[in-house]
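Open the model in your viewer and keep the selection tool at hand. The stops below run in order.

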Amino acid sequence: MSGFVFSEKPIGIERGEGAFLYADDGTEYLDFGASYAVTPVGHCHPRVVDAVKAQVEDLMYVQASYPVEARTELYEKLATVSPPGLDNVWLCNSGTEANEAAIKFARNATGRGKIVATRRGFHGRTLGALSMTWKDKYKKPFEPLIDGVEFVSYGDSEELAEAVDEETAAVFLEPIQGEGGIHPADATYLRRAREVTEEAGAALVFDEIQTGVGRTGTLWACERSEVEPDILTTAKGIASGLPLGATVCADWIADADPEHGSTFSGGPVVCAAANATLDVVVEEDLPTRAADVGSYLMESVEDADLPIREVRGQGLMIGLEVKRGSNRLLRDLALNEQVLALPAGRTVLRLLPPLIIDEEHADRFVESLEAVL
């Protein structure tokens, strides 16, 4: 018997190390997808592995009402590394749960119901987060979803300003749209979003589930625009692949005392993994490495004169818009070149490699791309 939600690929993965995955037949694959950005410090980083082993030997789980050193450390660490003013941390198990919490927190703090989200945006697959996700493919089978969500064009400041009113609880934005095709927001657009939400008394929420933890060249993508949200959500790479999400918010959100809970909020083992992951990201300055290697990679693709319509992104969150179907190219890269990447729609290759890759890894990717194109 097998699972029925995910379509299995014809590659059985046995182990991982650094920027590489190894199949059960011994084949080595260069991982330029990192399973949707969940391994920023590479597969099985020794510091993360050691932290998890040590925690498992002491305590695997106790619910969040009881203080645990690993969880308390992560609360403090996230409050320290998050944008200024975001000192309150809620831990959960995934990005979609982090966004569900953000919806509830914003509605609770404002007493309002309306949510403004963007076309092409993706915020998760549970009913609340799914209601803010644009693509009908994900939504139609599960309607009706929650009411009160209005969609606006991503990057259109005027349309955003018109949509935000006295009934708006929150605006949800990805600083770079991931699933929507790797589209970075202009800094002026994010600044305008900050202005209109403040004027209306609404919460500005930045979904940094895919863009966070150093991926775009700064620890958080919103740092580039110097815009500080009221709520920031993160997940994916924060615990090197163990299930963890976080909703970090300003005092005025937390002080409204939202009623919320989760059985597995901030389990000690995943918190230990997250603490080690964040330590490696910060101490080894992986955001700067992502910026440098990402620029080198994008320039190398452009210099190769390949049939690619556009190269876009920031740091090591890169989209290559191609002229033929992305899924066929991904298959050819994997089976013929032993390189793994991801789609972002039908015509975009999405590159989210571990932040530890170097220029030699980038060169290998470009050579493989040349071969399949």
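## Stop 1: a helix residue

Select T96. This model is predicted, and T96 sits in helix α4, which runs over residues 95-110. T96 counts as buried, at 17% relative accessibility. Now show what surrounds T96. Setting aside residues up to four places away in sequence, T96 touches H123, G124, R125, T126 and A129.

## Stop 2: the annotated binding site

An unreviewed UniProt entry carries the annotation "binding site" for G95, T96, F122, D207, E208, I209, Q210 and T263.

Zoom in on I209. I209 lies in the loop between β10 (203-207) and β11 (231-234). Its relative accessible area is 11%, so I209 is buried. Leaving aside neighbours within four places in sequence, I209 is in contact with G95, N99, T233, T234, A235 and K236.

## Stop 3: the annotated lysine

UniProt, in an unreviewed entry, places the feature "modified residue: N6-(pyridoxal phosphate)lysine" at K236. K236 belongs to the loop between β11 and β12 (245-249). Is K236 buried or partly exposed? With a relative accessible area of 27%, K236 is partly exposed. Not counting residues up to four places away in sequence, K236 touches Y36, A37, V38, I209, Q210, G241 and L244.

## Stop 4: aromatic rings

Display the aromatic side chains. The structure holds five aromatic pairs. Take F122 and Y138 as one of them. Their ring centres are 5.4 Å apart and their planes stand at 75 degrees, so the pair is edge-to-face. F122 lies in the loop between β5 (114-118) and α5 (127-131), and Y138 in helix α6 (residues 136-139), so the pair ties together parts that are 16 residues apart in sequence. Both F122 and Y138 are buried. F122 also belongs to the UniProt "binding site" annotation.

Move on to R15 and Y22. The charged end of R15 sits over the ring of Y22, 4.1 Å from the ring centre.

Next, select W134. W134 is in the loop between α5 and α6. W134 counts as partly exposed, at 35% relative accessibility. Apart from neighbours within four places in sequence, W134 is in contact with T118, R119, R120, G121, K139 and F151.

## Stop 5: cysteines

Finish by selecting the cysteines. A disulfide is a covalent bond between the sulfur atoms of two cysteines. How many disulfides does a search of the whole structure find? The search finds zero.

Check C222. The closest cysteine sulfur to that of C222 is in C249, 14 Å away, which is too far for a bond. C222 counts as buried, at 1% relative accessibility.

Then check C271. C271 is in no disulfide either, and the nearest cysteine sulfur, that of C92, is 11 Å away. C271 is buried, with a relative accessible area of 0%.

Technical notes
Residues are numbered from 1 along each chain as its sequence is written. This is a predicted model: local features need pLDDT of at least 70, side-chain atom pairs count only at pLDDT 80 or more; totals for chains, interfaces and linings use all residues. Side-chain values use heavy atoms; hydrogens and water are left out. UniProt positions are given in the numbering used here, feature names are shortened, and annotations may be inferred rather than shown by experiment. Helices (H or I, at least four residues) and strands (E, at least two) are DSSP runs, numbered from the N terminus. Buried means under 20% relative accessible area, exposed over 50%, partly exposed in between (1.4 Å probe, protein chains only). Contact means heavy atoms within 4.5 Å. A disulfide is a pair of cysteine sulfur atoms within 2.5 Å. Rings of Phe, Tyr and Trp (its six-membered ring) pair if their centres lie within 6.5 Å; planes under 30 degrees apart count as stacked, over 60 as edge-to-face and the rest as tilted. A charge sits over a ring if NZ of Lys or CZ of Arg is within 6 Å of the ring centre and within 35 degrees of the ring normal.
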